[in-house]
Amino acid sequence: MTNPIINTIEQRSTTSLYDASRDISNAQVTELARLATLAPSAFNLQNWRLVAVRSADAKARLRAVAWDQPKITDAAVTYIVCGVIAEHSVMPDRLAPVVAAGIMPQEMVPGWTGAAKSLYFEQPQRARDEAVRSATFSAMTLVLAATSLGLGSTPMIGFDPQGVSREFGLAENEVPALLLAVGYATSENWPQKPRRPLSEVLEVV
Ligand SMILES: Cc1cc2nc3c(=O)[nH]c(=O)nc-3n(C[C@H](O)[C@H](O)[C@H](O)COP(=O)(O)O)c2cc1C
């Protein structure tokens with residue numbers, strides 16, 4: 001029996017060439033972002049933010065700080081996927097809806113907040129790593145959602161992070177972890193590339 005999620009994983013490939021004449025709706029741009037926020041994050045920090053670059057002007061500004069990659073102007077949207085430097089003080093706010101939903105008892109909140117403090121407080125490298133981790137999980141969730149809707153996607157590290165932060169007014173604690181273009185692929189794109197043998201990448205102990 002075929003499993004739709006496994007099919008999506010098997011079928012996904014990076015899009016290089018987009019059909020610039022085909023847009024997606026604003027509702028789809030929003031829905032893909034909503035699905036991205038269903039990704040897991042440490043302590044449910046949800047320390048991410050997405051900037052959906054849609055207008056011709058914004059696309060041109062992004063392309064200028066992203067190695068002039070044509071995908072940015074051809075794709076329907078490019079999300080700037082930001083991770084937010086992890087910070088324990090936001091925990092009570094982040095957990096309040098979880099308590100309100102009856103999932104977590106209020107008494108557990110200080111414990112989770114303390115655990116986050118012990119991990120991130122005065123630990124800049126770990127706090128930044130967490131930002132990149134969370135952003136990456138959300139980006140991959142968005143990629144799979146886009147694939148399942150018949151859309152192409154391109155994760156991109158080819159950009160100047162300072163330039164992106166400056167052009168799009170990112171906050172000091174926001175790390176532009178990657179750019180993620182989404183739109184309709186042309187028929188000339190490469191299929192998914194072969195992977196290294198599993199024996200080289202998997203160790204079962
Ligand atoms: C973190 C990351 C950064 C990437 N940066 C770029 C990029 O800047 N431009 C680009 O065209 N592709 C980029 N790619 C796409 C990779 O080249 C692609 O995933 C890889 O060649 C495997 O191909 P496949 O995804 O089709 O299997 C990036 C992928 C990842 C995961």
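Q: Which helix is included in what covers the buried residues of helix 5?
A: In this predicted model, helix 6 (109–120) is included in the cover over the buried residues of helix 5.

Q: And which residues of helix 5 are the buried ones?
A: Helix 5 spans residues 91–100, and its buried residues are Met91, Leu95 and Val98. They cover an arc of only 40° around the axis, so they sit on the same side of helix 5.

Q: Why would residues spaced like that point the same way?
A: An α-helix has 3.6 residues a turn, so residues three or four places apart point the same way.

Q: What is exposed on the other side of helix 5?
A: Asp93, Pro97 and Ala100 are exposed there.

Q: Changing topic to the ligand: which residues are around it?
A: The residues around the ligand are Arg12, Ser13, Thr14, Gln69, Lys71, Pro155, Met156, Ile157, Gly158, Gln192, Lys193 and Arg195.

Q: How far is the polar side-chain atom of lysine 71 from the oxygen atom of the ligand?
A: That separation is 3.1 Å. For arginine 195, a polar side-chain atom lies 2.8 Å from an oxygen atom of the ligand.

Q: Which ligand atom lies 3.0 Å from isoleucine 157, and is the protein atom backbone or side-chain?
A: A nitrogen atom of the ligand is 3.0 Å from a polar backbone atom of isoleucine 157.

Q: How much of the ligand's accessible area does the protein cover?
A: On its own the ligand has 620 Å² of accessible area, and the protein covers 64% of that.

Q: Back to glutamine 69: where does it lie?
A: Glutamine 69 lies in the loop between helix 3 (56–64) and helix 4 (71–74).

Q: Is glutamine 69 buried or exposed?
A: Glutamine 69 counts as buried, because its relative accessibility is 13% and the cut-off for buried is under 20%.

Q: What is it in contact with, leaving aside neighbours within four places in sequence?
A: With those neighbours left aside, glutamine 69 is in contact with Arg63, Met156 and Gly158. Met156 and Gly158 are also among the residues around the ligand.

Q: Now strand 3: how many of its residues are buried?
A: Strand 3 covers residues 152–156, and four of its five residues are buried, so the strand is largely enclosed by the rest of the structure.

Q: In which sense does strand 3 pair with strand 4, parallel or antiparallel?
A: Strand 3 and strand 4 (residues 174–183) pair in the antiparallel sense, over five bridges. Glycine 152 has glycine 183 of strand 4 as its bridge partner.

Key. Residues numbered from 1 in each chain as written. Predicted model: local features only at pLDDT ≥ 70, side-chain atom pairs only at ≥ 80, totals over all residues. Heavy atoms only, no water. Buried < 20%, exposed > 50% of the residue type's maximum accessible area, 1.4 Å probe, protein only. Helix = DSSP H or I, 4+ residues; strand = E, 2+ residues; numbered from the N terminus. Pairing = 2+ DSSP bridges. Arc of directions from axis to C-beta. Contact = heavy atoms within 4.5 Å. Near = heavy atom within 4 Å. Polar contact = N/O pair within 3.5 Å; in protein donor to acceptor, adjacent residues only side chain to side chain. Areas by Shrake-Rupley, 256 points an atom, 1.4 Å probe, with all protein chains shown as cover.
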